[in-house]
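Please open the model in a viewer and keep the selection tool at hand.

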Amino acid sequence: MSTLADTPLATDFPCLRREGIVYLDSAATSQTPQPVIDAMDDYYENHRGTVHRSVYALAAEATELFESARDRIAAFLNWPVNCTIFTKNATEALNLVAYTWGRANLGHGDTVVTTQLEHHSNFVPWHMLCEQTGADFEMVEVDDEACLRLDQLDTLLAKGNVKLVAVGHVSNAAGTINPVAEIIEKAHAAGAIVAVDGSQAIPQIPVDLGELDADFYAWTGHKLYGPTGVGILHGRKELLDAMPPFLGGGHMITSVSVDEIRWGQLPAKFEAGTSNIAEAIGLGAAVDFVSAIGMETIRAHERDLCSYALDRLAERSDVTVMGPLDADRRGALVAFTHDIAHPHDIAEILGSAGVCVRAGHHCAQPLMQRFGVAATSRASFAVHNTRADVDAFVDALGEVRRIFG
Ligand SMILES: Cc1ncc(COP(=O)(O)O)c(C=O)c1O
């Protein structure tokens with residue numbers, strides 16, 4: 001197995017070559033390594049054409065680059081290529097399911113279950129769906145460690161009318177790694193399908209979708225060292241085949257006449273219009289980048305940083321960490337409140353020391369409400385971070401104490 005010692009570190013990320021930057025906000029968006037930038041540049045400089053439309057060399061090369069990226073992304077996660085759909089981001093992928101599967105399959109008497117840990121992108125679309133279809137919206141709460149109350153899920157599933165469970169794989173706000181395999185098993189046994197938001201899981205932990213058996217799995221490219229503007233929806237073939245299209249337009253049809261429109265095959269049926277070609281190619285390069293290091297290696301490295309950060313924060317009596325305190329049960333981030341300083345003040349003071357952390361509700365307001373806070377500060381770790389970065393972050397918290405007395 002490779003180790004991070006012989007793999008690309010901060011210097012491989014052009015933006016991190018800037019003096020004095022300690023980037024601890026990869027859970028918001030990751031930095032972009034040179035090979036990903038190079039892959040997109042190569043498309044623009046040498047193979048610029050549209051995909052799936054023309055037969056001249058440039059267009060054929062562009063199509064080959066685009067489809068080869070899809071092949072590598074699907075193989076990376078062990079999911080069929082034609083059920084791996086390019087979207088704009090995770091938000092669009094989840095909305096695609098809510099608008100197509102959801103509006104075709106839900107009505108009065110049905111229930112959608114989501115959780116208190118969700119990012120708004122896995123909460124708001126289902127809420128809207130329920131309002132528009134008359135289905136009931138239910139939320140599984142978390143315990144004091146920000147872990148899901150599976151007893152509540154059991155109670156909801158036992159009612160027999162749950163059609164869909166929407167759950168995040170790793171929480172962006174508390175860090176909790178959810179037992180999604182167990183949740184999928186329970187939901188399937190109760191006749192419900194499961195949509196997983198894997199936006200934080202894909203960059204942080206090894207994921208095998210074939211093994212996991214989710215019905216839909218959505219994630220976003222810019223957190224996996226890829227570009228913005230590209231996300232992925234993996235779906236189960238029977239469901240995708242039966243679903244109506246999301247957007248209508250070019251590429252998603254086989255024939256159009258005034259009387260009848262026939263939809264295209266998967267994945268074209270869900271990829272209307274000109275695709276995000278450079279971004280998809282960039283995401284393919286991002287998958288190559290993490291695959292060369294190995295997701296097991298990445299997880300071990302980031303788990304170590306997270307564990308070290310938890311130990312260092314435990315030295316401070318002015319900080320309260322949200323989520324499980326065991327690094328095995330959390331992703332590569334620590335979110336916390338401070339006894340006197342507001343998260344935005346913390347982010348500003350740390351920022352002036354070059355330490356980039358996020359402050360806010362992290363698009364997870366139901367979770368903030370559960371813990372009675374409006375916001376937290378969050379430091380998140382990536383493949384290029386080191387223990388020295390964690391030290392810089394915790395030392396800068398000393399400055400917060402000094403300023404606030
Ligand atoms: C857990 C989780 N889900 C979904 C999203 C939404 O990602 P995007 O805005 O790229 O669709 C994020 C982004 O912060 C996230 O952390």
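The stops below go from domains to salt bridges, then to a histidine and a surface patch.

**Before starting**

This is a predicted model, in which local features need pLDDT of at least 70 and side-chain atom pairs count only at pLDDT 80 or more, while totals for chains, interfaces and linings use all residues. Residues are numbered from 1 along each chain as its sequence is written, and side-chain values use heavy atoms, with hydrogens and water left out.

**Stop 1: the two domains**

Select residues 4–31 together with 294–404 as domain 1, and then 37–291 as domain 2; these bounds come from an automatic or database domain assignment. Their C-alpha centres lie 27 Å apart. To the contact (heavy atoms within 4.5 Å), domain 1 gives 40 residues and domain 2 gives 37 residues.

The size of an interface is often given as the accessible area lost when the parts come together. Here the buried area is about 3000 Å², with 56% given by carbon and sulfur atoms; buried area means the accessible area (1.4 Å probe) that two parts lose on being put together, summed over both.

Between domain 1 and domain 2 the count is 2 salt bridges, where a salt bridge is a side-chain nitrogen of Lys or Arg within 4 Å of a carboxyl oxygen of Asp or Glu. Now select Arg 370 and Asp 144, a salt-bridged pair whose closest N and O atoms are 2.7 Å apart.

**Stop 2: salt bridges across the chain**

A search of the whole structure finds 22 salt bridges. Helices are DSSP runs (H or I, at least four residues), as are strands (E, at least two), numbered from the N terminus.

Next, select Asp 154 and Lys 186, which form a salt bridge at 2.9 Å, N to O. Asp 154 sits in helix H5 (residues 150–158) and Lys 186 in helix H6 (residues 180–189), 32 residues apart.

Move on to Arg 236 and Asp 213, with a salt bridge of 3.0 Å, N to O. Arg 236 is in the loop between strand S8 (231–235) and helix H9 (237–242), and Asp 213 is in the loop between helix H8 (209–212) and strand S7 (216–220). Arg 236 is buried at 18%, whereas Asp 213 is partly exposed at 32%. Then select Arg 312, Glu 315, Asp 391 and Asp 395, which salt bridges with shared partners join into one network.

**Stop 3: His 384**

Select His 384, in the loop between strand S15 (376–380) and helix H14 (387–404). With a relative accessibility of 4%, His 384 counts as buried. Not counting residues up to four places away in sequence, its contacts include Leu 9, Phe 13, Tyr 23 and Asp 389.

**Stop 4: a nonpolar patch**

Finally, select Tyr 99, Val 124 and Met 128, which make a nonpolar surface patch of about 220 Å². Met 128 lies in helix H4 (residues 124–133). Patches are made of residues with over 30% relative accessible area and no salt bridge, with like charges joined within 9 Å and nonpolar side chains (Val, Leu, Ile, Met, Phe, Trp, Tyr) within 5 Å. Accessible areas come from the Shrake-Rupley method with a 1.4 Å probe, and for residues only the protein chains shown count as cover.

How values were computed
Buried means under 20% relative accessible area, exposed over 50%, partly exposed in between (1.4 Å probe, protein chains only).
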